[in-house]
Amino acid sequence: MSERVGEAAHAPAFPVAAKRSMANAQLRRNVRHATDVIRNKRGKVVGELPDWEALRESAHQIKEHTLRHLDFYLEQFEQACVRAGGKVHWARDADEANRIIVEIIQAHKQAEVIKVKTMTSDETRLNPALEAAGITPYETDLADLIVQLGEDKPSHIVVPALHRNKAEIRKIFREKMNLHDLGDRPEDLTDAARHYLREKFLRVKVGVSGANFAIAETGSVCVVESEGNGRMCVSLPQVLISLVGIEKVIPTFNDLEVFLQLLPRSATGERMNPYNSLWTGVTPGDGPQEFHVVLLDNGRTKVLADTQSRETLNCIRCGACLNACPVYRQTGGHAYGSVYGGPIGAILTPQLQGMEHSQSLPYASSLCGACYEVCPVKINIPEILIHLRGKIVERGDAPLSEKLAMKTAAFALSSSSRLSGAQKLVRIGQKPFEHGGALRGLPGMLGQWTAVRDLPPVPAESFREWWAKRHQGRGK
Ligand code: SF4
């Protein structure tokens, strides 16, 4: 079995990677600016809906119901898709999904594919598998194209090139598209991308897409986007392959109504997506004449088995939790070492590919709860982070500093005389570090805490001491 999330299993631990990202001032400026813009737009359009909380609750209920009956809805999707002329493949893991897709392309003797909206294919590392088989993939989503041409990695689940600014994008296009007189207006850059991609849309015969939703009752697949490139990618090729995580299934067409209100507002601050593409099987003489769906597990059934964290699979990949997260806003997405960054990445990546490969991620959070507040499907990310941290402790893999702190606390708190002794010691030791009512600049590992937060000093008198004095006074 080969369950993986991109290259996350070999990525450096979060604290190491975060330090590197935070040293890049340009990257931090780009991330801060882009997340501020999206957050403000989201705030405005969410505020327009008086029933926003009811919509969130509906989405939560639909997803919870679907997960409880996932086997039923997946089979219903398969039957409806096959009835409409599609072919359904089941992939247990990343390698199996990649093999199925390569074999379909080879069966048509093609050496190129156009791709759109396939974060799941980044998860399986489809592009290297295609290249190893002599097949050239072309990303057609503008942000994915920037990442591909820049030989870069996505840093955001909705805006993969969010860490790049206009000047950097122009440099990439100039070099990789051979456009030495390229202007620097946004329309110059989109014009360049349009010319580059149009030729591929019209020539390449196989398309690979992801999916935002797969509708069980009709066997339809849905992709939402802003550029129209996705629409071309799923309608112009002769053969279309959609790689779909099994958690993307929703029961009915009517359920889409809820998600199509929540997703664009949460993802890009738009009232609706400019392009909502839906396709069902094959229609003779219209669109791709061969349609394959590859349903991917890749660790998802393991997540489903854990009742305390299975709601992770409710995620509709809107990215709102990333834009709201104070940690992500400082580090950007690359520090998470995964296709999935930010709070959702911190809970999804370790669960999909195993805690041993990414056990620093559940600690990449201040547990402030901002992610939960904005999540359109009400995933309680802070609670899942704590659950995963608990699993790490059970495995005996908690960070050394945490183990030492807990051992010391357990020793001191298990006896009142030890606690009182410890308080006296700390009162003496803290004096040089007391400034303005808080402890600052503590030495050693404690310094990591006071570098970013105020620590209140131990009071001059404990409650017990105060109580004992008061009691003595009354007795006299
Ligand atoms: S966890 Fe919620 S907020 Fe974050 S990407 Fe998923 S749906 Fe959006």
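**A guided tour**

Guide: Helices (H or I, at least four residues) and strands (E, at least two) are DSSP runs, numbered from the N terminus. Residues are numbered from 1 along each chain as its sequence is written, and side-chain values use heavy atoms, leaving out hydrogens and water. This is a predicted model, where local features need pLDDT of at least 70, side-chain atom pairs count only at pLDDT 80 or more, and totals for chains, interfaces and linings use all residues.

Visitor: Is Lys117 buried, exposed or partly exposed, and what is its relative accessibility?

Guide: Buried means under 20% relative accessible area, exposed over 50%, and partly exposed in between (1.4 Å probe, protein chains only). Lys117 counts as partly exposed because its relative accessibility is 27%.

Visitor: Which residues is Lys117 in contact with, leaving aside its neighbours within four places in sequence?

Guide: Contact means heavy atoms within 4.5 Å. With those neighbours left aside, Lys117 is in contact with Asp141, Asp144, Ser209, Gly210, Ala211, Val223, Val224 and Glu225.

Visitor: How far apart in space are Ser242 and Lys117, C-alpha to C-alpha?

Guide: Ser242 belongs to strand β7 (residues 239-245). In sequence, Ser242 and Lys117 are 125 residues apart. In space, their C-alpha to C-alpha distance is 9.8 Å.

Visitor: And how far is Lys117 from Ser366 in space, C-alpha to C-alpha?

Guide: Along the sequence, Lys117 and Ser366 are 249 residues apart. From C-alpha to C-alpha, the distance in space is 30 Å.

Visitor: Is Ser242 buried or exposed, and which residues does it touch?

Guide: Ser242 is buried because its relative accessible area is 0%. Not counting residues up to four places away in sequence, Ser242 touches Ser209, Gly210, Val221, Trp279, Phe291, His292, Val293 and Val294.

Visitor: What does Ala214 touch, not counting residues up to four places away in sequence?

Guide: Ala214 is found in strand β5 (residues 213-215). With a relative accessible area of 1%, Ala214 is buried. Under that sequence limit, Ala214 touches Phe77, Ser220, Val244, Lys248, Val249 and Ile250.

Visitor: Where is Thr120, and which residues does it touch, not counting those up to four places away in sequence?

Guide: Thr120 sits in helix α6 (residues 119-124). Thr120 is buried, since its relative accessible area is 6%. Apart from residues up to four places away in sequence, Thr120 touches Leu243, Gly245, Lys248, Leu296, Arg300 and Tyr340.

Visitor: Why is helix α8 largely enclosed by the rest of the structure, and what covers its buried residues?

Guide: Helix α8 (residues 142-149) is largely enclosed because six of its eight residues are buried. Those buried in α8 are Ala143, Asp144, Leu145, Ile146, Val147 and Leu149. The cover over the buried residues of α8 includes β3 (136-139), α9 (166-176) and α10 (186-203).

Visitor: What is the phi of Lys109, and is that residue buried or exposed?

Guide: Lys109 is found in the loop between α5 (94-107) and β2 (112-116). Its phi is near 55°, a positive value in a residue other than glycine. With a relative accessible area of 73%, Lys109 is exposed.

Visitor: What about Asn298: what is its phi, and is it buried or exposed?

Guide: Asn298 is in the loop between β10 (290-296) and α13 (300-305). Although Asn298 is not a glycine, it has a positive phi of about 50°. Because its relative accessibility is 0%, Asn298 counts as buried.

Visitor: Which residues come nearest to the ligand?

Guide: A residue is near a molecule if one of its heavy atoms lies within 4 Å of it. By class, the shell around the ligand has 11 nonpolar, one polar and one charged residues; Ala, Val, Leu, Ile, Met, Phe, Trp, Tyr, Cys and Pro count as nonpolar, Asp, Glu, Lys and Arg as charged, and the others, Gly among them, as polar. Of the 13 residues around the ligand, those that come nearest are Cys315, Cys318, Gly319, Cys321 and Cys375.

Visitor: Finally, how many helices and strands does the protein have, and what share of its residues is buried?

Guide: The protein has 22 helices and 12 strands. Of its 476 residues, the buried share is 50%.
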